[in-house]
Amino acid sequence: MHDHESAQDNLRLFRWRKQRVNINKVKTGLIAAAVGMASLVAAPAVMAADGQFVGSLVYRTGPYAPGGIPWADGFADYINLLNERDGGINGVKLDLEECDTAYNTDKGVECYERMKGNGPTGMPAVMPLSTGVTYALLDRVVADKIPLITSGYGRADGADGTVFPYVFVPPATYWGGADIAINYIASEEGGYGNLKGKKVALVYHDSAYGKEPIKTLEALAGQHGFELSLFPVPHPGLEQKATWLKIGRQLRPDYVLMWGWGVMNATAIKEAAAVNFPREKFIGVWWSGNDADMVPAGKAAVGYKSLQFNGVGADFDVHKMIKTVLYGNNKGSAKSVDGIGEVAYNRGLQSAVILTEALRSAMGEFGNKPMTGEQVQWAMDRLDITEARLKDLGAEGLFDPIKLSCSDHQGKGRAKVTQWDGKQWKAISDWIEPNSSMLRGMYVESAAAYAKEKGITPRDCK
Amino acid sequence: MNERNFGEVILDLKGISLSFGAMRVLNNISFNVRQGEIRSIIGPNGAGKSSMLNVINGVYHPQEGEITFRGEVRKEMKVHEAAGFGIARTFQNIALFKGMSTLDNIMTGRNLKMKSSMLAQAIYWGKAQKEEIEHRKKVEEIIDFLEIQAIRKTPVGRLPYGMQKRVELGRALAAEPEILLLDEPMAGMNVEEKEDMSRFVLDINDEFGTTIVLIEHDMGVVMDISDRVVVLDYGRQLADGTPDVVRSNQDVIDAYLGVSH
Amino acid sequence: MRVERDVIYIIFASLLLMVIIPWSAGMLSEDIFFEWPFFFEVAIGGLLAGVMYSLVALGFVLIFKASGVFNFAQGAMVLFSALTLVGLNEMGLPMWLSIIATLIVMLILAIAIERVVLRSLVNQEHIILFMATIGIAYFLDGFGQTIWGSEVKLLDLGFSQNPDFYFGGLILINDFDLIAAGIAGVLVIALALFFQYTRIGRALRAVADDHQAALSVGIPLKHIWVIVWAVAGIVALVAGIMWGSKLGVQFSLALIALKALPVLILGGFTSVPGAIIGGLIIGAGEKLAEVFIAPMIGGGIEDWFAYMLALAFLVFRPQGLFGEKIIERV
Amino acid sequence: MFYREAGEFKASYQKDQAILPIRQDRWFIWAIIAIAFLVIPAVSSDYWLGTIMLPFLILALAALGLNVLTGYAGQLSLGTGGFMATGAFAAYKLATMFPGMHILFVLLFSGAITAGVGILFGIPSLRIKGFYLAVATLASQFFLIWMFNKFGWFTNYSASGVITAPQMTAIGDIMVTGAHATVTAKYLFALSIVTLLALITKNLVRSNIGREWMAVRDMDIAAEIIGIKMLPTKLKAFAYSSFLCGIAGALWAFVHTGSVEPLAFDVNRSFQILFMIIIGGLGSIMGAFLGAAFIVLLPIFLSNAPHWFGLNIAVDLISHIEAMVFGALIIFFLIVEPHGLARLWQITKEKLRLWPFPY
């Protein structure tokens with residue numbers, strides 16, 4: 001680093017003079033910046049006063065934006081639909097504010113902290129949409145009394161409401177997802193009895209998220225006698241040639257499951273094609289089933305399957321409503337009306353439905369005014385979105401009914417299997433219910449270990 | 001000056017040869033250094049003078065020859081060991097620590113004498129602090145001696161060339177060496193600066209009794225201050241002796257006047 | 001190019017180890033499946049993947065060679081060029097025109113970087129310039145997405161993506177990987193010819209060897225910089241096209257820089273052939289390790305293994321296989 | 001006029017060797033410390049304290065650690081994230097294996113363990129230098145993260161490989177980790193530790209070891225010739241640097257987030273910390289703090305700015321503009337002062353010393 005040192009002394013002197021000239025300018029700039037930053041103290045932006053504040057952590061930028069954008073659009077569209085069509089919930093207008101996390105944990109925590117006190121009652125619930133942020137918020141939400149709703153991600157043992165009073169994991173968990181995948185394979189093979197001796201491989205993102213299903217799958221492998229092989233893919237998963245040569249050319253499993261994320265998904269599907277592994281025997285979890293992940297895989301993705309905890313398509317009543325009320329009036333969030341109905345979009349819709357239904361039921365108890373996190377937690381503890389209610393919302397068949405209780409923070413945990421036809425997802429199964437009794441035991445056990453480590457006394461749900 | 005009495009031979013080099021690949025840099029060089037003398041190595045550019053110093057303080061390891069230091073034949077040693085044997089040096093192209101102040105540069109020269117542990121230094125209380133102050137006193141003496149009080153806290157990168165040379169000398173002195181190797185301490189200086197530097201060299205030799213091995217281009221200076229001179233040319237040793245002897249050596253005259261060999 | 005003898009030894013030794021270690025692992029461990037056709041399949045797959053890494057590493061090398069800048073923004077440039085290409089194409093420009101337009105954009109970018117950044121930071125320490133390129137990377141990431149959006153885009157060049165069997169049906173190779181390797185090879189040869197036989201190329205080499213000397217020959221340094229950054233931009237575009245048609249054009253493309261770094265230090269920051277040979281060694285090495293070593297220790301070792309492999313080479317050659325020797329003098 | 005050393009005479013070397021020989025500087029630092037301990041917790045919201053100050057302090061500590069290694073000892077490293085992860089996981093294992101252990105000892109030992117790991121990965125630095133070393137240190141980054149991810153022992157076999165901090169108290173029954181710790185307690189706890197470690201670091205860099213580090217940085221061969229042994233000196237730098245990074249990682253996991261997965265310390269964290277010290281100023285304690293402030297606060301400032309001006313801009317556009325402005329500002333600051341914010345601060349002081357009569 002000191003190559004030119006000796007020759008530079010003159011230059012340095014010259015530069016030094018130049019700096020002195022610039023200093024004044026810089027100082028002014030620095031003072032301005034300091035004043036600006038100091039005003040952060042007084043910041044938390046004053047929002048339109050009397051509505052219900054809804055804070056939404058989204059990632060419309062960064063490496064995972066392709067999957068994050070449709071979710072954010074779906075969530076925003078549903079909130080806006082309620083505002084435009086019904087004037088909010090029971091006359092209480094919803095003030096939606098987005099905060100972009102770029103799928104970065106630090107930013108996500110900052111977003112949460114910035115928004116948690118906004119509006120007259122603060123944030124009614126937080127949906128961090130990221131494993132990292134979820135973990136970082138576990139302690140905070142308890143202190144802040146704000147429900148943490150993680151739909152299809154986060155801690156699976158959050159299903160145990162006694163240890164995690166503020167964590168909710170409807171409609172499904174990774175452990176449930178793993179069980180559903182095996183359930184589906186069993187039905188393809190003609191029953192659990194035929195699983196014996198079958199080879200199943202799991203390709204997973206080597207992170208907290210990707211490792212979630214392993215314990216469940218190992219338990220199932222023991223139960224049903226199939227052989228489970230694990231293939232971790234280091235983050236971010238741009239290169240998987242070695243993994244797929246092992247799978248496709250050596251192990252030659254009967255099925256491959258995937259817990260992938262972002263660019264890893266498309267790469268895996270392409271590499272599967274490159275070793276001629278049949279896509280029909282390749283099943284991804286819901287986060288490996290975004291439309292955005294199929295696009296770069298192109299033709300290679302045809303036939304590939306994915307679990308989804310919501311229905312697919314854009315033809316439900318709620319979609320039609322959104323098209324007329326919002327997109328008809330140029331108030332839609334997505335770039336074009338074609339974005340409606342992508343699975344990630346529907347997931348955003350579903351999260352919005354869960355939140356707004358909880359708000360509605362909380363208002364039923366506490367009155368028609370903005371709700372606090374604590375009140376929403378009360379409502380989430382007894383959330384009941386029935387088939388009939390879904391029909392009212394125009395989402396019958398799009399979502400599975402959800403019924404939660406003080407101790408059960410997951411619900412039935414059902415999911416569907418869908419298949420990519422080159423243009424869109426097609427549902428190829430009905431709702432599949434996981435083996436609740438086995439999973440329940442696992443949730444309770446894992447939550448108890450967590451409670452012990454953290455010194456938490458589980459609450460009494462009797 | 002030549003009547004001075006010197007002590008025993010403390011450094012004896014016999015038949016030193018050094019090559020890099022096919023290039024022979026030093027060829028069968030033999031001379032010795034006596035306690036308390038000023039010993040100069042002269043010769044035209046590329047004669048192998050700096051390589052000679054590098055051999056003495058262990059940067060280069062000669063392929064042939066024997067180095068006896070204080071009566072013991074020296075094994076191949078690591079670079080950092082030379083300082084422990086009491087050999088300090090300055091460099092032809094100044095090798096100061098540019099990001100540090102004059103004071104810190106010279107303090108660094110005392111690193112071998114500082115004994116407090118890392119933990120004590122971290123707490124900076126009691127022993128470590130006392131040690132730091134003791135050495136600071138010593139360093140201030142050197143600063144006074146070299147008349148560089150005014151630039152004590154200046155980063156050396158900002159100092160003019162002549163001053164840097166002086167600081168470098170200070171750093172070498174701080175180690176309280178037995179032998180001080182000076183690699184062209186007066187190169188690029190004006191007459192006045194040269195006089196100052198010559199004075200410092202003589203004073204060091206006089207006051208501290210430090211043995212000095214000097215490389216210098218300026219013949220006048222060399223002949224003035226040296227006790228004995230060895231002359232190198234293209235890796236060969238042309239002459240060795242007192243300035244008078246060397247001055248009258250025919251090979252030396254030829255080499256310096258450019259008579260073709 | 002003169003290759004030192006120990007470099008050849010090191011390469012041979014590493015090739016030998018790459019065969020012996022998997023083979024003995026297969027013999028010793030029950031978990032590891034070893035058969036020669038499978039070994040070659042993995043090795044060839046690795047070599048082809050390595051070429052794709054080289055493609056990215058090349059961009060780093062060009063800029064480092066000519067200006068001593070470790071260009072952190074190379075990944076961002078790959079993303080930016082690919083985004084621009086696909087964006088223009090989606091706006092209705094035919095592919096060939098989009099490519100030309102993107103090349104012009106990359107040239108403008110090079111000029112802008114020289115004007116705004118490099119000129120003001122001339123003669124600064126390397127780490128300062130490195131930091132400045134980080135600023136460039138942030139700017140390009142934001143700028144590219146502002147204009148072209150963050151959605152994933154399909155880049156289909158119509159190349160076959162099918163696997164085919166070679167060598168009598170024994171070894172399976174993906175067509176796309178072969179094509180990509182071919183294109184990378186052509187690019188490297190073109191660059192080599194450019195450096196060897198054009199006036200500008202010779203000038204660039206002169207700069208690489210000695211800035212002062214280059215100045216005395218009368219080549220304005222700023223032109224040189226614009227040219228290398230533009231050439232690095234072209235290389236980035238090629239890398240962007242190849243990787244983009246593999247992964248889709250999306251933000252994650254910027255992350256491939258991390259796969260190129262071990263290639264870079266293994267080959268040497270200043271050597272074009274080093275980038276290629278480094279890529280081959282890293283590619284083959286990491287794939288073989290993932291297949292034949294990883295099962296013993298848990299899998300997913302590819303990433304750190306590439307870095308460890310490079311580290312092992314550096315212990316023998318601290319300047320990389322073909323890098324300029326670091327000489328210390330006093 | 002008011003800021004100058006004239007008129008202050010040092011009666012002893014001890015006074016001259018004080019951390020801040022100039023009286024106004026001393027006042028200034030005491031004022032900062034007083035504000036940090038007393039004023040900020042009193043006036044700040046939880047958001048400001050818990051989301052901005054706390055991560056700022058912890059990342060500044062990590063930056064301090066890296067600055068010892070890179071800024072003082074001249075060894076470029078991109079392994080910071082890995083070392084922070086080591087600290088976090090060591091702290092978790094210690095806290096769960098010995099539930100009664102006081103949090104200060106947990107931090108101390110996790111720092112020590114990280115120092116050991118740092119020494120191990122520092123060995124190649126004897127041969128490998130500059131950017132080669134920087135890239136080579138990525139090996140430790142990727143390896144350590146992989147290791148914590150891979151072996152269940154590190155996470156007590158939790159299904160997801162995530163560690164969560166048990167509830168721990170600092171003094172009496174004041175909690176500093178877990179859900180029931182107040183933000184103020186966490187902040188003050190982190191602040192105390194960071195202040196103490198910054199002081200220790202300052203002591204080291206103004207002592208013999210610090211001079212040895214700088215000598216190795218500025219010219220390693222000359223340093224060796226005056227008797228400084230390369231390997232121990234470099235390894236001490238790696239050890240102490242990792243010690244600080246380890247404690248920073250443990251604080252991050254325990255005090256800041258409460259639960260982390262290894263990916264929280266991925267390579268981006270390493271880059272982030274490196275940016276901090278380059279922007280802040282290599283080889284400067286102050287620089288670590290200024291750099292951390294720049295890298296942590298500026299993006300937050302930028303993403304909040306449109307709000308204050310009442311602009312309603314889509315979040316994605318804000319993010320993109322934020323990245324562009326951030327990048328442009330990095331370049332701007334480097335052009336204005338390549339040696340970092342700390343140098344800028346110093347130059348301002350020099351000007352101030354002459355004010356109002358500059359000539």
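The model is predicted, and the predictor assigns the complex an ipTM of 0.88 and a pTM of 0.90. For chain D, the mean pLDDT is 89, and 95% of the residues reach 70 or more.

**Interface between chain A and chain D**

- Contacts link 48 residues of chain A with 46 residues of chain D.
- On the side of chain A that touches chain D, two or more residues come from each of helix 1 (9-38), strand 2 (94-100), helix 3 (105-115), helix 4 (131-144), helix 6 (208-211) and helix 15 (436-454) of chain A.
- Helix 4 of chain A gives the most to this side, with eight residues.
- By residue class, the side of chain A that touches chain D holds 21 nonpolar, twelve polar and 15 charged residues.

**Interface between chain D and chain B**

- Here 25 residues of chain D are in contact with 34 residues of chain B.
- At least two residues of the side of chain D that touches chain B are supplied by each of helix 1 (13-16), helix 7 (183-205), helix 8 (208-218) and helix 9 (220-225) of chain D.
- Helix 8 of chain D provides the largest share of that side, eight residues.
- The side of chain D that touches chain B is made up of eleven nonpolar, seven polar and seven charged residues.

- Strand 9 of chain B, residues 228-233, is mostly covered, with six of its six residues buried.
- In a regular strand, side chains alternate between the two faces of the sheet.
- From strand 9 of chain B, B:R228, B:V230 and B:L232 point one way, while B:V229, B:V231 and B:D233 point the other way; all are buried.
- Strand 3 (residues 38-42) of chain B runs parallel to strand 9 of chain B, and four bridges join them. The bridge partner of B:I42 in strand 9 of chain B is B:V231.
- Strand 10 (residues 236-241) of chain B runs antiparallel to strand 9 of chain B and is joined to it by five bridges. In this pairing, B:V230 stands opposite B:D240 of strand 10 of chain B.
- Strands 9 and 10 of chain B form a hairpin with two residues between the strands, where B:Y234 takes a positive phi near 45°.

- Most residues other than glycine have a negative phi, and most peptide bonds are trans.
- The peptide bond from A:P170 to A:P171 is cis, with omega near 0°. A:P171 is found in the loop between strand 4 (167-168) and helix 5 (174-189) of chain A.
- A:H235 and A:P236 are also joined by a cis peptide bond, with omega about -5°. The loop that holds A:P236 lies between strand 6 (227-233) and helix 8 (241-251) of chain A.
- B:E147, a residue other than glycine, has a positive phi near 55°. This residue, B:E147, is in the loop between helix 5 (127-146) and helix 6 (161-174) of chain B. B:E147 counts as exposed because it has 11 C-beta neighbours inside 10 Å.
- D:N156 is not a glycine, yet its phi is positive, at about 50°. The loop between helix 6 (130-150) and strand 1 (163-164) of chain D contains D:N156. With 14 other C-beta atoms within 10 Å, D:N156 is partly exposed.

Conventions
Residues numbered from 1 in each chain as written. Chains lettered and ligands numbered in written order. Predicted model: local features only at pLDDT ≥ 70, side-chain atom pairs only at ≥ 80, totals over all residues. Contact = placed C-beta atoms within 7 Å. Nonpolar A, V, L, I, M, F, W, Y, C, P; charged D, E, K, R; others polar. Buried ≥ 20, exposed ≤ 12 C-beta atoms within 10 Å, placed from the backbone. pLDDT = per-residue confidence, 0-100. Pairing = 2+ DSSP bridges.
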